[in-house]
Amino acid sequence: MAAVSLPAEASAPRLLGVEDFRAQPLVYEELRRIRQGLPFSHAYLISGAAGAGKTSLARLMARMHLCESAQPPCGHCRACVQAAAGTHPDLIELRAGQPIDPEEMKGKPKTVIPVADIRELRRRLALTGFESPRRAVIIHQAEKMQEESQNALLKTLEEPPEGSLLLLVAESPDQLLTTIRSRCRPLALAAWPDEAILAVLRASGLREERIGAALEAAGGSMGRAIRLAGDEAYWARRRELTDDFLGLTARSDIPAAAAKYKALAQPERLELLREIDELLRHLTLTAAGLGSTDSLGAYPAPWQRMAREAGAAAFVPVLDAVTLARVRVMNNVNWQAALEQLLLSLMEAKSQWST
Ligand SMILES: [Zn+2]
């Protein structure tokens, strides 16, 4: 019988450690207690907005619980390595649509955690652990447990099997039964300050020219920042858009540049405009002195000069041009004409900064 585990943060460049949570004082305090071997709760309810780092925290706590060293998680022992790889037999991860036993899910909706899953979980927790007496359970999106499932879990929370750690993860913890919530120690993740996200991005080995851009694109979400840091496809796409929209030098190139994006459906047109807006907002923030100029290296020279010398106000017309293009798309104005107008506005804005 093999435990069902998800790949450990597949696109993440590295796993978060205790020190990464310094900016979340209550969480940090709890992690330090656990690391020092002080008694901790057998069940936690980890909550926070999307991208707040709930999954990273749950997996960190699971690794700390399973680690065989005196300073968990050591990152080197067999338990740490297996848990990081998602192959530890005593780390059970549950989420809607990914049950412990796939057979149980046949014909059932994939949007809930059915009671059969909780019963199977209880059965396994009643057995002796594979590798050690310790077991860790992560229930992702715990609010997707049906009421019957929550009631079944209640028994486990009331009489937790020895050595087990239960980690419930929820974006909307108030959707859980009060009886469940009252039996878990709450760990709420707040929005992350930019400095904390920056520190994690730097520690991830992200190139300096990407750091400012990743911070801006993350919008306060630690989860998104971590995903972006290791997402080569995202950076390749960003380079392509930078070339296509910020690199044009001749008016005569505009129709061909617009034609490249001709076939997009309406949602994709809006997504493209959002991505262009993201590039320009990063430049604007840097111009306002809110980001490191080290990250400007990814942009064509005139835009770098504009961000260094012109001030943020100079970017208002180009941001307006993107907004105008968005309005045109929503009003079904000719897409190619809207795009060509945007490209022209971008070229005009940068032309005064070309040497
Ligand atoms: Zn270890």
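This is a predicted model: local features need pLDDT of at least 70, side-chain atom pairs count only at pLDDT 80 or more; totals for chains, interfaces and linings use all residues.
Along its principal axes, the C-alpha trace of the chain spans about 70 × 45 × 35 Å.

**The chain as a whole**

- Of the 355 residues in the chain, 37% are buried.
- When contacts between residues at least 6 apart in sequence are considered, 72% of them join residues that are at least 24 apart.
- The chain is divided into domain 1, covering 18-188, and domain 2, covering 234-351, and the centres of domain 1 and domain 2, taken over C-alpha atoms, are separated by 44 Å.

**The sheet and its order**

- The 5 strands form an open sheet in the order 2-3-4-1-5, and their pairing is parallel.
- Strand 2 (91-94) and strand 5 (185-188) stand at the edges of this sheet, and because each has a single partner strand, one side of each is left without a neighbour in the sheet.
- Neighbouring strands of the sheet are turned against each other by 20° on average, with direction ignored.

- Strand 3 (residues 135-139) runs parallel to strand 4 and is joined to it by 5 bridges, with Leu166 in strand 4 as the bridge partner of Val137.
- Strand 4 is also joined to strand 1 by 5 bridges, and these two strands run parallel; here Ala43 stands opposite Leu166 in strand 4.
- Strand 1 (residues 43-47) pairs with strand 5 in the parallel sense over 4 bridges, and Tyr44 stands opposite Arg185 in strand 5.
- Strand 3, helix 5 (residues 147-158) and strand 4 together make a right-handed β-α-β unit.

**How the strands are covered**

- Strand 4 (residues 164-170) is mostly covered, since 7 of its 7 residues are buried.
- Both faces of strand 4 are covered, with Ser164, Leu166, Leu168 and Ala170 buried on one side and Leu165, Leu167 and Val169 buried on the other.
- Strand 2 likewise has both faces covered, with Leu91 and Glu93 buried on one side and Ile92 and Leu94 buried on the other.

**Helix 3 and its buried face**

- In helix 3 (residues 78-85), the buried residues are Ala79, Cys80 and Ala83.
- Seen down the axis of helix 3, these buried residues fall within an arc of 100°, so they line one face of the helix.
- Gly86 follows helix 3, and its phi is positive, near 75°.

**Helix 4 and Val115**

- Val115 lies in helix 4 (residues 115-126).
- Why does Val115 count as partly exposed? A residue is buried if 20 or more other C-beta atoms lie within 10 Å of its own and exposed if 12 or fewer do, and Val115, with 18 C-beta neighbours inside 10 Å, therefore counts as partly exposed.
- Leaving aside residues up to four places away in sequence, Val115 touches Gln146, Glu148, Ser149 and Ala152.
- From C-alpha to C-alpha, Val115 and Val137 are 16 Å apart in space, and they are 22 residues apart in sequence.

**Helix 8, an enclosed helix**

- In helix 8 (residues 208-218), 8 of the 11 residues are buried, so this helix is largely enclosed by the rest of the structure.
- The buried residues in helix 8 are Arg210, Ile211, Gly212, Ala213, Ala214, Leu215, Glu216 and Ala218.
- Among the elements that cover the buried residues of helix 8 are helix 7 (194-203), helix 9 (222-229), helix 10 (232-246) and helix 12 (266-287).
- Gly219 follows helix 8, and its phi is positive, near 55°.

Definitions and conventions:
Residues are numbered from 1 along each chain as its sequence is written. Two residues are in contact if their C-beta atoms, placed from the backbone, lie within 7 Å. Two strands pair if DSSP finds at least two bridges between them. Axes are lines fitted to C-alpha atoms, for helices over the stretch in contact, and angles run from 0 to 180 degrees between N-to-C directions. A crossover is right-handed if, with the strands pointing away from the viewer, the path from the first strand over the helix to the second runs clockwise. The arc is that of the directions from the helix axis to the C-beta atoms. Domain bounds come from an automatic or database domain assignment.
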